[in-house]
Amino acid sequence: MSSLRVSAPLLDAYLSYFESKRLPFTIPGHKQRASRLDAGLGLVVDSDTPLYGGLDEIKLSNHVLKKAEALAAKLWKADYARFSTGGSTHANQAIILALGKPGDKVALSRTAHRSVLSALVLAGLEPIWLSPQIDAATGVPIGVSVAEFEKIVDQKPIALLLTEPGYLGTLSDLPALIGAAHQREIPVIVDAAWGGHFGFSSTVPAHCIAMGADALITSTHKALPGYSASALLIAQGRFLNLDRVEQSFETTHTTSPAGAPLASIDGCRALLQLRGEELISNLVKSVENFKNEVQSHFNEPIFLNAIDFPAGRFDPTKIVLRASQLGASGVEIEKALQDQLIRVEMADSDTVVFLATLADTKSEFDDLAKVLVPILKSFAQAPRATATSLSWSIVPTVAVSMRDAYFAETELVLAQKATGRISADLIAPYPPGVAVVAPGEVLTQEILEGLATTKAAGVRIAYATDSTLMKYRVVKE
Ligand SMILES: Cc1ncc(COP(=O)(O)O)c(C=O)c1O
């Protein structure tokens, strides 16, 4: 039984579709009968129904999507909300296309996800990079300082784009940054892909809209229990033109949105509204208990904790293991966990990130602890100094605009001959999908060596034309 159904019009529409008799002569072509053709294909597609002709009539005469989006806007106390089936990737594109015109500049944190950079190429906007502050004790980025933003305001950015929380759960001093931007009437767009649960319990930070941000993008399939690639875009009309946001959203979204992701966003909204405090505070408690249990076997602090950071600037649901504190390799720990059928969200030399969500209970945390403790004991040595990950430490050297490099004539050169050349590729260890080099930036010795070392440590290097890194795609001279 679904108790959310009465409070979630799209979820109700999805369930009602399968409860009612139907004879579709419309898309989707599987007509929920593909199991007649093949049992496996049927398992995959027969529970699919689209928005048009599924959750609503083909002419959208019942307005169920609009009703559900209005409920989301109300919950986040915003002027505007849209549901996306294209992930935060699409929601980032939609908002960024609505900001200005080709040639305009935007200030953004270097910790931005590649979807933000790709959106800048699409929109023709030029980045003014802001470097994150790095916490000396833990080596992790702790957001952009107001001073870093104020250093570049004379370059007249038309927007400030932030990634909050960052991949490791830390946050900038958002109220101060938003205040500094708004003083100059600059809108603040926050990619909160990992922060969908923020603001719905006193045990986690407030969401960025409550802190005054102009747009919030979140993946409802990350911290929240939504369908893969479902996402939410929330916006305020004070500094943003919402008609343009709407136009950009539709320009970049599929014209055939699947019903399940949309219905799941509505369900996640209702879940946060009705049970957010209870579920999130339980998760925070479970994560705390889990970390205490694992920590009790070791002397050095092996997790990132809220007390490592200024108040309110760390997501307490985040489990980030500091492999360096055990003198161990995060990638080796990941392999040992995989051998026991446990998958983690991300591992590099120094860190392992476990994603815990509202769908985890005490029993999952107990199971993880039981497997993790002996693995960590088997790897533990003397602590090693934390090397700030390449993704957080690169200060880019921009040679030509990102868009010019993206469309330039290019060639592949051997890695040994790539130093000093201009990259045509965006190259990012994945996760976290943060660019080490973007199109138009110089491939320095530091970047080339850093990428080679990161790859050798077993991290996947994404988006390079030659994924072996023997060659690099560069702008032709
Ligand atoms: C900060 C950030 N923004 C955006 C995205 C893209 O999200 P999605 O996979 O929902 O498109 C990611 C994905 O990992 C991310 O980490």
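Where is the place of His63? In this predicted model, His63 sits in the loop between H2 and helix H3, which spans residues 64-75. The phi angle of His63 is near 55 degrees, a positive value in a residue other than glycine. With a relative accessible area of 46%, His63 is partly exposed.

A positive phi also occurs at Lys31. Its value is about 50 degrees, although Lys31 is not a glycine. Lys31 belongs to the loop between H1 and H2. Is Lys31 buried or exposed? Its relative accessibility is 19%. Buried means under 20%, so Lys31 counts as buried.

The loop that holds Lys31 also holds Pro28. This loop runs between helix H1 (9-19) and helix H2 (39-45). Ile27 and Pro28 are joined by a cis peptide bond, with omega about 0 degrees. A cis peptide bond also links Glu164 to Pro165, and here too omega is about 0 degrees. Pro165 is found in the loop between S4 and H7.

An α-helix has 3.6 residues a turn, so residues three or four places apart point the same way.

The ligand site comes next. Which residues come nearest to the ligand? Of the 14 residues around the ligand, these are Thr89, Asp191, Trp194, Ser219 and His221. Asp191 places a polar side-chain atom 2.6 Å from a nitrogen atom of the ligand. Trp194 has a polar side-chain atom 2.7 Å from an oxygen atom of the ligand. For Ser219, a polar side-chain atom lies 2.8 Å from an oxygen atom of the ligand. On its own, the ligand has 400 Å² of accessible area, and the protein covers 88% of this.

The shell around the ligand can also be described by class and by element. Three of its residues are nonpolar, nine are polar and two are charged. Helix H4 (residues 87-97) gives the most to this shell, with four residues.

Key:
Residues numbered from 1 in each chain as written. Predicted model: local features only at pLDDT ≥ 70, side-chain atom pairs only at ≥ 80, totals over all residues. Heavy atoms only, no water. Near = heavy atom within 4 Å. Polar contact = N/O pair within 3.5 Å; in protein donor to acceptor, adjacent residues only side chain to side chain. Areas by Shrake-Rupley, 256 points an atom, 1.4 Å probe, with all protein chains shown as cover. Helix = DSSP H or I, 4+ residues; strand = E, 2+ residues; numbered from the N terminus. Nonpolar A, V, L, I, M, F, W, Y, C, P; charged D, E, K, R; others polar. Buried < 20%, exposed > 50% of the residue type's maximum accessible area, 1.4 Å probe, protein only.
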